[in-house]
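Subject: The structure for you, with notes

Hello,

Here is the structure I promised to pass on. Please open it beside this email while you read.

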Amino acid sequence: NRSINGPVEIKIYNGVYNTAQSLGTVAGSSPTNTLTFSSLSNDSLQVQITSNFTFTGTSNIIIKKLNITNLVVNGDVSNYTVINNQIGALGWTGANNLTLKNNYIKSQGALRFAPFSAAFIEDIMVENNFFAGMTYYVLTNGNITGSNPYVGWSKVKKPSLKNNTFAFIYMQTRGYNLINYNSIPYPAGAT
C-alpha cells in the first residue's frame, strides 16, 4: 500500500535504465501533495529511460529533466506537468489537465492525446517545445491512425498548441483548429 502525505520528489541517479519503469496508484496525491520525478544532476541528458516509463492510476505528477524514450500515462488521472525533458514519444490516455512544456521532442517523436473514460478531455497544453524531426500534425476528433511522427488529438476539447518550434511540419487538420504562434525556422543559409 503506497501513499504520500506531502509533496515528494524522487531524484534519479545518472545512468541508462533499460528496463520498463511503472507506477500504479499512490494514495494521498493532490494538487499540493505532488509526486515529482527528476534527474539528480538536474541534466536531462544524464538520465536515460530507454524502455516504457508508465504511469497508471496516480494524478498530480511532475516529470522534469529526464531523457525518456516512451512516456505512457493511462487511467483516470489528471494534473500532469511534463517539463524540460527529452521525449521520444508520449501516449496520454487519461483525463484533464496536462501541461507539456519546454521539452525537446526527439526526431521521429510522436505525441498522442485521448480520453481514458470521459467522452472528451480538456486543458491539454503543448507549449514552448522543440520538435527535432519531421512532424505530421493531425488534429482530429476521431481515431488516430498511421505511423508517421505526429501530434494527435482524439476527443480533446480546445487543445492548446502554441509557441512550439517545428523542424518541419506537414499539416492535416480536421475538426477544430487551435494552433497559435508556432514557428518553423529557416535552415542556416536559407533565404
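This is a predicted model: local features need pLDDT of at least 70, side-chain atom pairs count only at pLDDT 80 or more; totals for chains, interfaces and linings use all residues.

Residues are numbered from 1 along each chain as its sequence is written, and side-chain values use heavy atoms, with hydrogens and water left out.

**Strands around β5**

Strands here are DSSP runs of E with at least two residues, numbered from the N terminus, and two of them pair if DSSP finds at least two bridges between them. β2 (residues 15-17) runs parallel to β5, with three bridges, and Y17 has I49 of β5 as its bridge partner. β3 (residues 21-23) is also parallel to β5, again through three bridges; there, L23 sits opposite F55. Between β5 and β7 there are seven bridges, in the parallel sense, and T54 has V72 in β7 as its bridge partner.

**The core**

A nonpolar core is a set of buried Ala, Val, Leu, Ile, Met, Phe, Trp, Tyr and Cys residues joined through side-chain atoms within 4.5 Å. Buried means under 20% relative accessible area, exposed over 50%, and partly exposed in between (1.4 Å probe, protein chains only). The largest such core holds 36 residues, and F55, L66, L90, W92, L111 and F113 have the most contacts inside it. Its top contributor is strand β5 (residues 47-56), with four residues.

L111 belongs to strand β11 (residues 104-115) and is buried, because its relative accessible area is 0%. L90 is in contact (heavy atoms within 4.5 Å) with L71, L98, L100, A110, L111, R112 and F113, leaving aside neighbours within four places in sequence.

**Aromatic rings**

Rings of Phe, Tyr and Trp (its six-membered ring) pair if their centres lie within 6.5 Å; planes under 30 degrees apart count as stacked, over 60 as edge-to-face and the rest as tilted. The whole structure has six aromatic pairs. One of them joins F37 and F53 edge-to-face, at 5.9 Å centre to centre and 90° between the planes. It links distant parts of the chain, since F37 is in β4 (residues 35-39) and F53 in β5, 16 residues apart.

Y104 and F130 are stacked, because their ring centres are 5.7 Å apart and their planes meet at 15°. Y104 is in β11 and F130 in β14, so this pair ties together parts 26 residues apart in sequence. Y104 is partly exposed at 36%, and F130 is partly exposed at 35%. One aromatic cluster is made of F37, F53, F55, Y80 and W92.

**Two loop residues**

Is N129 buried or exposed? Its relative accessibility is 2%, so N129 counts as buried, although its place is in the loop between β13 (124-127) and β14 (130-139). Polar atoms of the N129 side chain lie 2.9 Å from the backbone oxygen of L100 and 3.3 Å from the backbone nitrogen of N102.

S78 is in the loop between β7 (67-74) and β8 (80-83), and it counts as buried because its relative accessibility is 19%. Beyond four places in sequence, S78 touches S59, N60, W92, A95, N96 and N97.

Best wishes

Note on methods
A polar contact is a pair of N or O atoms within 3.5 Å; within protein, one must be able to donate a hydrogen and the other to accept it, and residues adjacent in sequence count only if both atoms are side-chain atoms.
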